[in-house]
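Reader: I'd like to learn how to read the features of a model like this one. Could you walk me through it?

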Amino acid sequence: MGNKLSGKDLIKLGFPKNNSINIALGQINRYRKREKKESILTEAKDVLLHPEKFEGHGTWGKVAESLIKPVQVRMHELKTTRVPFTIFGENEIDEQAKFQLYDSLKLPISVAGALMPDAHSGYGLPIGGVLATDNAVIPYGVGVDIGCRMSLSIFDLPASHFKGKEHQLQAILKDNTKFGMNETHAIKADHEVFYKSEFQDIPLLKNLLPKAYKQLGSSGGGNHFVEFGIAKIDNPENEWKLGVGEYFAVLSHSGSRGLGANIAKHYTYLATKQCPLPKNVQHLAWLDLNTHDGQEYWLAMNLAGEYAKACHDDIHRRIAKAIGKRVVVTIENHHNFAWKEMVNGQECIVHRKGATPAAVGQLGIIPGSMTAPGYIVKGKGNVESLNSASHGAGRLFSRAKCKATFTQSEIKKVLQANDVTLIGGNIDEAPMAYKDIAKVMGNQSELVEVLGTFTPKIVRMDR
């Protein structure tokens, strides 16, 4: 823009001398700064005269909202009492995680909460925290890796498929998976998710589309993995067309990559601006779903969830192609997400940050560690857990503590003892960093029924 547009230009147009000017300048600077001043002012005039026409619009929706019904920014205090909650496996959970849950239960928007047996402290909601709220979504209640999920593909191949093929299978994992910030596939895949209207309608997402396209089918760093292992089916579902037995399978854990991280960052910032809270609970700032930003985050979050699924589908497609066999059954579930669900007869937003949905009959996979089995489960629909279960074993040692406590040679010994091959992986993901998954499962027997297990054999992680 040759000559920069200023607040004075907007006042000249007739904009009221209030926050609508700041909002308009903010939106223009963020999304439209390369355009001519004249054309921007023509549009701004139209917004001023007919704001209702621009509700929900990518650039102007927020400005229109400020002209029709401005968002009330006021300091929110915590309530003195907590809403109802249940903690599962209480003796195995650190105090800090419990205190984080207790704080969230005092938010004026909270309806009910729960803590899963794999819980440990995080930012905002603890990992393993479940929180139902009234018409509001907490970006940090969802987490930074939106739609992070598990996906298990079982092949109609016996477990003995591993015999004599270890090197070949390691090569398949190395060639068909990409990890961390810099690795992407040389041959990109297309996917229907890229044609969703949100990628065009929401300016932030439009800017993130090239990155999302580039990163499709890749996994993040940290505790994300793709691994070959043995799925032992004890109680098969009829539609699986698999009998009781042990099968060759692949399990992946990853999320929405740079797309989700950028969405989380952007809307967390907006939430903290719109929803000032006492300092100790600032991370729990929320967006009202009746506001432009709340609606936009909801759309962006759901898109990130679909993108995370698309990444897993692409990983599993590549691997199945390399193996030359068809997947018979896929079991998958999100965590780090928010859903509209009924809680005590009221529609709520249920946040599951590191917790697995476990409604009646809902299938899922709860991983252990790279040397411990994961569990194939079916939800029991426990009301007290808000239809949730744990998303894994949960950490016993923080990443920093792992680096101070364990050595590479100790990790090697544990891997050898369990007959597991590891490609990549850091000390902070040592198998010893995790809680005992058998204990965690014992603490949630009223939440899920176990249908089988998955035992890792060849694990690929970021370096």
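Author: Let's start with a definition: a polar contact is a pair of N or O atoms within 3.5 Å, where, within protein, one must be able to donate a hydrogen and the other to accept it. Keep in mind that this is a predicted model. Between domain 1 and domain 2, two residue pairs are in polar contact, both at pLDDT 80 or more.

Reader: How much area do domain 1 and domain 2 bury between them?

Author: About 740 Å², with 51% of it on carbon and sulfur atoms.

Reader: How many salt bridges cross that interface?

Author: For this you look for a side-chain nitrogen of Lys or Arg within 4 Å of a carboxyl oxygen of Asp or Glu. The rule finds one across the interface of domain 1 and domain 2. K62 forms a salt bridge with D293, and their closest N and O atoms are 2.7 Å apart.

Reader: On to annotations. Where does UniProt place the "binding site" feature?

Author: An unreviewed UniProt entry puts it at H253 and H335. They span 83 residues in sequence, yet no two of their C-alpha atoms are more than 10.4 Å apart, so they gather at one spot.

Reader: Is H253 buried or exposed?

Author: The cut-off for buried is under 20% relative accessible area. H253 has 6%, so it is buried. H253 is found in strand β7 (residues 245-254). A polar atom of its side chain lies 3.0 Å from the backbone oxygen of N223. Leaving aside neighbours within four places in sequence, the contacts of H253 include C148, H224, H312 and H335.

Reader: What about H335: buried or exposed?

Author: H335 counts as buried too, at 2% relative accessibility. H335 sits in the loop between β9 (327-334) and β10 (337-343). With neighbours within four places set aside again, H335 is in contact with residues including G147, H253, R352 and H391.

Reader: For practice, is M181 buried or exposed?

Author: Exposed means over 50%. M181 has 73% relative accessibility, so it counts as exposed. Look for M181 in the loop between α7 (166-176) and α8 (198-201).

Key: Residues are numbered from 1 along each chain as its sequence is written. This is a predicted model: local features need pLDDT of at least 70, side-chain atom pairs count only at pLDDT 80 or more; totals for chains, interfaces and linings use all residues. Side-chain values use heavy atoms; hydrogens and water are left out. UniProt positions are given in the numbering used here, feature names are shortened, and annotations may be inferred rather than shown by experiment. Helices (H or I, at least four residues) and strands (E, at least two) are DSSP runs, numbered from the N terminus. Buried means under 20% relative accessible area, exposed over 50%, partly exposed in between (1.4 Å probe, protein chains only). Contact means heavy atoms within 4.5 Å. Buried area is the accessible area (1.4 Å probe) that two parts lose on being put together, summed over both.
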